[in-house]
Amino acid sequence: MGAKKLTTSDIIILAGGGVMLIASFLPFYKLGDFSESAWSKVSLFPISWFPMVFGLVMAGHVAVTKLGRSNLPTSVLGLTWDQVHLALGSFAALTMLCFLIRSVDPVERGIGLFLMVLGSIALVVGAVVRTKEAPLAGGAGPVPPSPF
Amino acid sequence: MTTTPSTPKILLMAGGAVLLLGSFLDFAGETSAWGEGAFPIATLPALLGAAIAVVVALATFANATLSERPMGFTWSQVYVVVGSFVALQMVGWLITEGDKEAGFFLMFVGAGVLFAGALMHFRESPAAAGPGTAPPTPF
């Protein structure tokens, strides 16, 4: 059994999750020669770390379902995977936007923070594109008419 | 006509109110969740909790007509998703460095109440049966 073909949303989510993971190790905040990554307590770990985890869950799900064999449930707590992606992507982007707005004078924002913002936006875009590619199972769609 | 809210709805409204109230008290040091350095990251759980409380109150007391499925989610699912995120954020704040004050602990309790209300509301809803679950037809 081979790997399934990747869709546009899959590629966006995989890229977004990858960017989030790499960026989390880059300077999140910096002051002069000193910098701290998203894994540092100074950067409000684990609040700064959650968006990266959300991205990894989304990218991991895509990788497992498309690149390998999986027996994952079709729903989680009554949510379809499309909905899980939409929720995780939205919360990742919302959290990163909060970090972007947050006043941190005299500390400066680092490249890691900016890349994580971009990665989180990619995640939410990927999640939205994913819902357009396949309607939400169990969502708002009408029930097909019964032949009886 | 006054409608008596169910226990999950009371918990959702109370949790949101406690979150919002706690956000105005000292969160860490002498800063509230609205203060410099904390806003808007520490404020986010309070805003989300308050939004849930307002939606539940409008639907319960004002008979407001809400979108049946916002972005494909049922309202029970929205409460669970937002409640989980708010609870996760507050647990995250608990782990962060620094002394926490009364405002934080009030928000922590509010997040727990909101999450419990969301889970109870979800368990009572048809969405808990899972997606695509249709009632059996007689044919």
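Predicted model: local features only at pLDDT ≥ 70, side-chain atom pairs only at ≥ 80, totals over all residues.
Leaving aside its neighbours within four places in sequence, which residues is Ser9(A) in contact with? Contact here means heavy atoms within 4.5 Å, and on that basis Ser9(A) meets Gly126(A), Val129(A), Arg130(A) and Glu133(A). Ser9(A) lies in helix H1 of chain A, where helices (H or I, at least four residues) and strands (E, at least two) are DSSP runs numbered from the N terminus. Ser9(A) is also buried, with a relative accessible area of 0%; buried means under 20% relative accessible area, exposed over 50%, and partly exposed in between, with a 1.4 Å probe and protein chains only.

Residues are numbered from 1 along each chain as its sequence is written, chains are lettered from A and ligands numbered from 1 in the order in which they are written, and side-chain values use heavy atoms, with hydrogens and water left out.

Chain A, then, has 4 helices and 5 strands, arranged along the sequence as α-β-β-α-β-β-α-β-α. Of its 148 residues, 44% count as buried, and among contacts in chain A between residues at least 6 apart in sequence, 72% join residues at least 24 apart.

Let me turn to the largest nonpolar core, which has 60 residues; such a core is a set of buried Ala, Val, Leu, Ile, Met, Phe, Trp, Tyr and Cys residues joined through side-chain atoms within 4.5 Å. Phe99(A) and Trp93(B) have the most contacts inside this core, and H3(A) gives the most to it, with 10 residues. If we leave aside neighbours within four places in sequence, the contacts of Trp93(B) include Leu44(A) and Ile47(A) from chain A, and Phe27(B), Ile41(B) and Phe104(B) from chain B.

Now to a helix pair in chain B. The axes of H3(B), residues 75-95, and H4(B), residues 102-124, come within 8 Å and cross at roughly 150°, the axes being lines fitted to C-alpha atoms, for helices over the stretch in contact, with angles running from 0 to 180 degrees between N-to-C directions. The two helices are therefore roughly antiparallel to each other, a term that applies to angles over 145 degrees. Among the residues that meet across this pair are Tyr79(B), Val86(B) and Trp93(B) in H3(B), and Phe104(B), Phe115(B) and His121(B) in H4(B).

What does His121(B) touch, not counting residues up to four places away in sequence? The partners are Pro8(B), Lys9(B), Leu12(B), Ser76(B) and Tyr79(B), and His121(B) is buried, with a relative accessible area of 16%.

Finally, some backbone details. Most residues other than glycine have a negative phi, and most peptide bonds are trans.

In the loop between H2 and H3 of chain B, Asn63(B) has a positive phi of about 50° although it is not a glycine, and at 48% relative accessibility Asn63(B) counts as partly exposed. Met71(B), placed in the loop between H2 and H3 of chain B, has a positive phi of about 55° and is exposed, with a relative accessible area of 61%.

Terms used:
Parallel < 35°, antiparallel > 145°, perpendicular 65-115°, else oblique.
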